[in-house]
Amino acid sequence: MKTPIVCLAGPTAAGKSAATLAVAQRWPIEIVNVDSAVIYRGMDIGTAKPTPAERRQVPQHLLDIRDPAASYSAAEFRDDALRLIAEIHARGRIPLLCGGTMLYYKALRDGLSDLPQADPAVRAAIDAEARQHGWPELHRRLAAFDPDTAQRLAPNDSQRLQRAIEIYRITGRPMSALLAEDAAREPDGPYQYFTISLEPSDRLALHARIAARYRQMLDAGLVEEVRALYQRGDLHPGLPSIRCVGYRQIWDYLDGATDLESAVQRAIAATRQLAKRQLTWLRAQPERHVIDCLAPDAPDRVAAAMDRILGAVPPLRP
């Protein structure tokens, strides 16, 4: 039998952090963060990074492991996550994977694809075309040779559009075809992954929560946090860190491209689009255990679901 691994997933602002704290009251867990934004040092407010108090309650991994000028791939995440899962088990504790970067979950559960490595020259050429014509035009061009990928990407999703076009230019084949070949292969490994999915029963209520949380981030000093990154001088909007939702929009404000309120509205809209993409991915997972993230007892429901998955009476926390 394979060892069960619990994944707590959900869209942004679904309440995953509160749920992990509820689970930590019942099980001796350690969190492996599945989040492509919390890996960056100095990006705390806009990523809703766990607070020092929360980190004292339950050990957290894959936080603050990269400078914002550095990159971090799905392959690196998979290697780190598998290593951490083994180390946590060796300590007699339980790993709980938690986050909303669905590409990371896919890389961990299904293995890595045969997609080519990034090519800086090809990416630079694509970026130059985007500056001249705009990302919506590049999205239109992508639809001509990879309609399946274009259909699932937003016209302004610059990071994913760049990657899809890059793959086609390097391999001469659409990314959707390469991913379909990967999906046809049987996954292997020592673990069986179970997904607890926090999803909203009312999408508009989640939208309101997203807007309120972003306003709270502003009150907590998000503009000052982005300004510190902006003033470093070695960072730019082409980096994955600065492309993070909620950061790129404030960066544009500091760059003089827009006023603050317009930047805030664009950030909230982009966050809602992110949540939509996350939910689309989750709803394609047939065996997930769905919990209404808007329910007042959602954290307790998550803890109860983990009890059922692990099939044992929770041990006392050491």
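A residue is called buried when its relative accessible area is under 20%, exposed when it is over 50%, and partly exposed in between, using a 1.4 Å probe and protein chains only. By that rule Lys-16, Ala-19, Thr-20, Leu-21, Ala-22, Val-23 and Ala-24 of helix H1 are buried. The model is predicted: local features need pLDDT of at least 70, side-chain atom pairs count only at pLDDT 80 or more, and totals for chains, interfaces and linings use all residues. Residues are numbered from 1 along each chain as its sequence is written, and side-chain values use heavy atoms, with hydrogens and water left out.

**Overall build**

- The protein has 15 helices and 6 strands; helices (H or I, at least four residues) and strands (E, at least two) are DSSP runs, numbered from the N terminus.
- Its radius of gyration, taken over C-alpha atoms, is 20 Å, close to the 20 Å that the globule rule gives for 318 residues, so the protein is as compact as a globular protein of that length. The globule rule is 2.2 Å times the number of residues to the power 0.38.
- Along the principal axes, the C-alpha trace spans about 60 × 45 × 35 Å.
- Of the 318 residues, 46% are buried.
- The accessible surface comes to about 15400 Å², and 52% of it belongs to carbon and sulfur atoms. Accessible areas come from the Shrake-Rupley method with a 1.4 Å probe; for residues, only the protein chains shown count as cover.
- Contact means heavy atoms within 4.5 Å. Among contacts between residues at least 6 apart in sequence, 75% join residues at least 24 apart.

**The sheet**

- The 6 strands form an open sheet with parallel pairing, in the order E3-E2-E4-E1-E5-E6. Two strands pair if DSSP finds at least two bridges between them.
- E3 and E6 (289-292) are the edge strands, each pairing on one side only.
- Strands of a sheet pair through backbone hydrogen bonds, either parallel or antiparallel.
- E1 pairs with E4 (residues 94-99) in the parallel sense over 4 bridges. Leu-8 stands opposite Cys-98 in E4, and the bridge partner of Cys-7 in E4 is Leu-97.
- E1 also runs parallel to E5, and 7 bridges join the two. Here Ile-5 stands opposite Tyr-193 in E5.
- E1 is largely enclosed by the rest of the structure, because 5 of its 7 residues are buried.

**Helix H1**

- H1 is mostly covered, with 7 of its 9 residues buried.
- The buried residues of H1 pack against E1, E2 (29-33), helix H2 (52-57), E4, E5 (191-199) and helix H15 (298-310).

- The UniProt record, in an unreviewed entry, places a "binding site" at Gly-10, Pro-11, Thr-12, Ala-13, Ala-14, Gly-15, Lys-16 and Ser-17. UniProt positions are given in the numbering used here, feature names are shortened, and annotations may be inferred rather than shown by experiment.
- UniProt also lists Thr-12, Ala-13, Ala-14, Gly-15, Lys-16 and Ser-17 for "binding site" in an unreviewed entry.
- Ala-14 lies in the loop between E1 (3-9) and H1 (16-24). Ala-14 counts as buried because its relative accessibility is 2%.
- Not counting residues up to four places away in sequence, Ala-14 touches Leu-198, Arg-209 and Cys-293.
- Gly-15 lies in the loop between E1 and H1, and at 33% relative accessibility it counts as partly exposed.
- Leaving aside its neighbours within four places in sequence, Gly-15 is in contact with Leu-198 and Arg-209.

**Gln-60 in strand E3**

- Gln-60 lies in E3 (residues 60-61) and is buried, with a relative accessible area of 19%.
- The side chain of Gln-60 makes a polar contact with the side chain of Asn-33 at 2.9 Å. A polar contact is a pair of N or O atoms within 3.5 Å; within protein, one must be able to donate a hydrogen and the other to accept it, and residues adjacent in sequence count only if both atoms are side-chain atoms.
- Apart from its neighbours within four places in sequence, Gln-60 is in contact with Ile-31, Asn-33, Pro-50 and Arg-55.
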